[in-house]
Amino acid sequence: MIGDVQQILQCSEPSTSNVKKTPKAGQIQKKPEGMKRELFNLIAGKDLTSVMPTDVKKTYKQKFQTGFRAVRKYKWMPFINEGREDGLQLHHWVRSDRIDPETPYPFAKFNKSIDVVTYTDDEYNACMRHPKWSREETDYLFEMCRRFDIRWLIVYDRYDCKKFGVNRTMEDLKERFYNTSYDLNMMRDPCSSQANFDAEHERRRKEQLNKQWNRTPEQLKEEEDLTAELRRIELRKKEREKKAHDLQKLINMTEQPASPSAGGVGGAATAKRKNVFRTKAGSISVAMPMFNPNDMSTTALRFSEFKSSGAHFRCQEMKLPTNIGQKKLKNIEVVLEKCKMEMNPVASESIMKTYNDFRSQIIMVQDLKSAMQTAEFELESLRTRMQEQGKDFDIEPRFRISQLNEGGLDEDAVGGPGQAATARRITSYVDASNKDITQIASRKRKTLAVTPTQNAAPSTSMAMGGDPKRPRKI
Amino acid sequence: MADIVERMKKKTVVKPIVYGNTATRLEQKRESDQHTHKWTVFLRPYMLEDPTKWIRKVQFKLHESYANQTRIIEEPPYEVTETGWGEFEVQIRIYFVDSNEKPIVAFHYLRLFQPLIELPSGEQIVCTEFYDEIIFQEPTVQMYRALQASEGKRPDKQSFLNDIEQVKNRTRELGEHAQKEIAAEIEDLRETLKDAHKLIVKYSAELVEQE
């Protein structure tokens, strides 16, 4: 700035300006804006002539590059503003090459005048009567509107309330003016579309704005605090709802099919859920994982879908999801191999569909088998406890999933009463083992111990029955 | 790309292709570089059609030990013949005539030893041919026209050593057969599980009564 002023005034004092630009040694330097602190620490206090930017800002003189062209001639000319009605003549400077007496004054077009409706006595009497407005005041209002082109701020400012002894707000004026104009126009032409004026709304709006404007800093602070509090409350509410939802899902899951996410952990997860349920209900095995026969989708593998536009290979649609886990992957590999199928078959559309479905089904078998193991184990422990009470029941061979050898059942073990309906060949290749089955047993014991309806005896029996590998005769 | 590329809404075009390689043994191991096999990696349309209508070029990316690792073929046949001693994965990148349609990449594991196929002449040759389909989802208008311009009606049976239709059928049959088997087992397991559940409920109720 100072440099600019100096240049304008032509009083160059190089000595002073130079002193300003290079601060004296020992003086504390300020970090230039935008410079990294690390860089500044490196160069601070040293001779910076070599690192100073040489590209200084353009000065006033450079910005306005005068002296390129010869100065144009201007003339002092009289003109008449067509927007005025009094024909007042004024003068202004005009570039000498642009003098044209024919062109109208360029600002005349901004003198817009608005047609304010006029009315006759009859019309006034027909539709404009109002208990709070006299004919004279109405005339006065319309006159003012005409005079100031309905610029309401000015109309309001100039409106002489004392003249009729009634205090009018701007909204009163607007309301009277627009409503009468509206009525008048409707009377003249019932089909004309006219905007109406809602004075009440306008009053409220202004009041609101006023209030907002007049808030004190304390009120502002309070408002901020309140919104923050509201946000916190909503967050907590959402969290609570989520928890309740999760719990509901957990309960539902025990009655309905295992979801694909839970499928991997199989029996462990279902048993866990069951325990939750059982402690609540106070009795044993209220819920077992049941598979909805029509519901394939829950267990299905999620293959990538190509929805966006562009080109891709069919074989990409058959890629297994990357997050399916080692066990599922192993099962798929084994079953495909046993069925003499390829991991990456040629990729026509029907093959893609068949293969993708088949692999989903393998995962489903894994889930089912794991659920079966839990069920078998459950039946076993029930039987042990029945036997202690001198009763017994048979466990049909079809429930004996743990005795299924690789390769499936022999022909004579299929289809008979109590026997499996299929050879369960593919099922036999699927590994649905639960490594922490002993863990479940111990957890079960604990649950039973705390359940009040149980006496002491079953807990020991549970410990015996808790070992699924223990050979047992039917 | 500042300008908006117009695409054919709700249109899908499928172009069957086959890629793979053939390989034969050199008469004797070359002492200079230890190469033992001569191979050809290729990509061809499966149908009888003129691929230049929609393919601009095909880029084969070989193992890094080859000189000029990246080979670009702009005219059919899209293939690279080389000699070597080892198997590796070839990256095949297909560029389309409309550059607004992004190139796509297939990976082919080059085979030198398996599977062997007997030619009519009695000679044995290693040959793999992998059938795949390029799916153009909502292709650009230009690409759509290009794809329509070369619509192959009949499979190109001469160019391939395998009967690809037969391979497809066999694969599909195997899959469908396995599906039937597994569906029956799922049904069996489900029913068994349901019954097991009923029994468990029944017996536990009995036990509770006893106590």
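In the unreviewed UniProt entry, residues 179–206 of chain B are listed as a "coiled-coil region"; UniProt positions are given here in the numbering of this model, feature names are shortened, and annotations may be inferred rather than shown by experiment. Over residues 179–206 of chain B the predicted chain is 100% helix and 0% strand, with 40 Å between the end C-alpha atoms. Helices (H or I, at least four residues) and strands (E, at least two) are DSSP runs, numbered from the N terminus. The structure is a predicted model, in which local features need pLDDT of at least 70 and side-chain atom pairs count only at pLDDT 80 or more, while totals for chains, interfaces and linings use all residues. Residues are numbered from 1 along each chain as its sequence is written, and chains are lettered from A and ligands numbered from 1 in the order in which they are written.

Between the two chains, 47 residues of chain B are in contact with 55 residues of chain A, contact meaning that the C-beta atoms of two residues, placed from the backbone, lie within 7 Å. On the side of chain B that touches chain A, two or more residues come from each of β7 (104–109), β9 (124–137) and α2 (164–210) of chain B, and the largest share, 32 residues, is given by α2(B). This side of chain B is made up of 23 nonpolar, 8 polar and 16 charged residues, where Ala, Val, Leu, Ile, Met, Phe, Trp, Tyr, Cys and Pro count as nonpolar, Asp, Glu, Lys and Arg as charged, and the others, Gly among them, as polar.

Strand β9(B) also takes part in pairing, for which DSSP must find at least two bridges between two strands. With strand β3 (residues 310–313) of chain A, β9(B) pairs in the antiparallel sense over 4 bridges; A:G310 has B:Q137 as its bridge partner, and A:H312 stands opposite B:I135. Within chain B, strand β1 (residues 12–25) and β9(B) form an antiparallel pair over 12 bridges, in which B:P16 is partnered by B:E133. Strand β8 (residues 116–118) of chain B is likewise antiparallel to β9(B), over 3 bridges, and the bridge partner of B:L116 is B:V126. The hairpin of β8(B) and β9(B) has 5 residues between the strands, and B:G122 takes a positive phi near 95 degrees there.

In chain A, A:S193 lies in the loop between α8 (170–188) and α9 (199–213).
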